[in-house]
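Have a go at each task before reading its solution.

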Amino acid sequence: MSCYDTLMDYGLRSLGYGERLLPRSDFTLCQQVVLIGSGMIWNVYFGIVALLSGFALATALAVGKASKSRWTRKPAEWIIFLFRGSPLFIQFFFAYFLFLSLKGQVPAFDALTSAWLGAAVVLFFNTAAYSGEIFYGALQSVPKGEVEAADAYGLSGWAKFRRVVWPTTLRLAWPAYTNEAIFLFHATTLVFFSGFPASRQQGDALYYASYFADKTFNPFVPYPILAGYFVLLTLVVIGVMGLIGRHLNRHLPNAAPRRRARPGMLFR
């Protein structure tokens with residue numbers, strides 16, 4: 001079987017398309033690269049869904065924690081503390097068995113016992129808690145001069161928050177939030193090793209890497225392939241977040257260009 005045939009048979013296997021049976025013997029490097037890459041589709045899915053949806057909740061948690069009202073501040077503080085204070089792996093297990101119990105009472109909760117939704121919900125709350133704390137710290141660091149300038153221009157309430165406070169908060173928080181985005185994509189490897197099962201062997205990248213390591217008794221091929229995929233994914237995340245960060249800071253003056261040292265300058 002050529003590498004092209006392997007790609008056609010296993011390229012979308014993690015989504016349920018193509019060859020149903022996994023290779024049993026004579027494992028080739030191409031098979032491992034293709035199948036582990038196929039599993040990366042799930043890791044990217046979990047990361048994107050949790051990151052985009054968690055951003056909204058993180059904003060609400062940061063604003064809630066900064067609120068002067070105890071009824072708004074305390075729930076935000078406890079949500080952040082709960083999901084930051086407990087291991088993500090334990091959250092996966094607890095959520096899975098909680099969803100199983102709810103499924104027994106209300107059949108409509110059946111979808112939550114599947115990884116595509118249940119695990120995404122756990123990652124959503126986890127990254128929202130960490131991001132909420134990051135945004136809260138940035139919110140507290142907004143220069144008072146900018147707030148006073150907004151007041152001087154007659155801005156107040158929602159207009160001041162939307163046009164002055166929140167953009168500045170994002171600019172201050174963006175480097176740390178980029179790190180959280182990277183950690184989130186790495187954390188997706190825990191999904192199918194927690195309580196959420198891989199339906200019909202349609203697992204993520206770590207699932208397939210572990211399969212090849214168990215079958216070949218050689219972890220030094222599939223796991224470096226897996227690491228390579230995540231390095232590439234990390235570069236993509238850094239690139240995308242960097243573009244957004246430059247857009248957020250587009251109004252700021254560019255740093256002064258560095259002067260290159262020339263040998264003749266040393267003898268003047």
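**Exercise 1.** Determine the hand of the crossing between α7 and α9, then work out which residues form the contact.

*Solution.* Step one is the hand: α7 crosses α9 in a right-handed manner. A crossing is called right-handed if the near helix is turned clockwise from the far one by less than a right angle, and left-handed if anticlockwise. Step two is the geometry: α7 covers residues 157-187 and α9 covers residues 222-248, and the two pack at an angle of about 165° with axes 10 Å apart. Here axes are lines fitted to C-alpha atoms, for helices over the stretch in contact, and angles run from 0 to 180 degrees between N-to-C directions. Step three is the class: α7 and α9 are therefore roughly antiparallel. The classes are roughly parallel under 35 degrees, roughly antiparallel over 145, roughly perpendicular from 65 to 115, and oblique for the rest. Step four lists the residues, with contact meaning heavy atoms within 4.5 Å. From α7 come L170, R171, W174, Y177, T178, A181, I182, F185 and H186, and from α9 come F230, L233, T234, V237, I238, M241, I244, G245 and L248. Step five sorts the residues of this contact between α7 and α9: 13 are nonpolar, 4 polar and 1 charged. In this scheme Ala, Val, Leu, Ile, Met, Phe, Trp, Tyr, Cys and Pro are nonpolar, Asp, Glu, Lys and Arg are charged, and the others, Gly among them, are polar.

A note on the source before moving on: this is a predicted model, in which local features need pLDDT of at least 70 and side-chain atom pairs count only at pLDDT 80 or more, while totals for chains, interfaces and linings use all residues. Residues are numbered from 1 along each chain as its sequence is written, and side-chain values use heavy atoms, with hydrogens and water left out.

**Exercise 2.** Describe how α4 packs with α5.

*Solution.* Begin with the axes: those of α4 (residues 88-105) and α5 (residues 115-140) come within 10 Å and cross at roughly 135°. That is why α4 and α5 count as oblique to each other. The hand of the α4 and α5 crossing is right-handed. Next, find the residues involved: α4 contributes L88, Q91, F92, A95 and F99, while α5 contributes G118, A119, V121, V122, L123 and N126. Finally, sort the residues where α4 meets α5, which gives 8 nonpolar, 3 polar and no charged.

**Exercise 3.** How many helices and strands does the protein chain have, and how spread out is the chain?

*Solution.* Count the elements to get 9 helices and 0 strands. Helices (H or I, at least four residues) and strands (E, at least two) are DSSP runs, numbered from the N terminus. For 268 residues the globule rule gives 18 Å, and the radius of gyration of the protein chain is 24 Å, well over that value, so the chain is more spread out than a compact globule. The radius is taken over C-alpha atoms, and the rule is 2.2 Å times the number of residues to the power 0.38. Along its principal axes, the C-alpha trace spans about 75 × 70 × 30 Å. Buried residues account for 39% of the 268; buried means under 20% relative accessible area, exposed over 50%, and partly exposed in between, with a 1.4 Å probe and protein chains only. Of the contacts between residues at least 6 apart in sequence, 73% join residues at least 24 apart.

**Exercise 4.** Is K160 buried or exposed, and which residues does K160 contact?

*Solution.* Locate K160 in helix α7. Its relative accessibility is 19%, so K160 counts as buried. Setting aside neighbours within four places in sequence, K160 is in contact with V147, A150, D151, L155 and V165.

**Exercise 5.** Trace K215 to its partners across the chain.

*Solution.* K215 sits in helix α8 and is partly exposed, at 41% relative accessible area. Beyond neighbours within four places in sequence, K215 touches R24 and F27. K215 and F27 are 188 residues apart along the chain, yet their C-alpha atoms are separated by 8.9 Å.

**Exercise 6.** Look up the phi values of D26 and F217.

*Solution.* D26 is not a glycine, and its phi is positive, near 50°. D26 belongs to the loop between α1 (3-10) and α2 (29-65) and is exposed at 70%. F217, also not a glycine, has a positive phi of about 55°. F217 lies in the loop between α8 (205-216) and α9, and is exposed at 74%.
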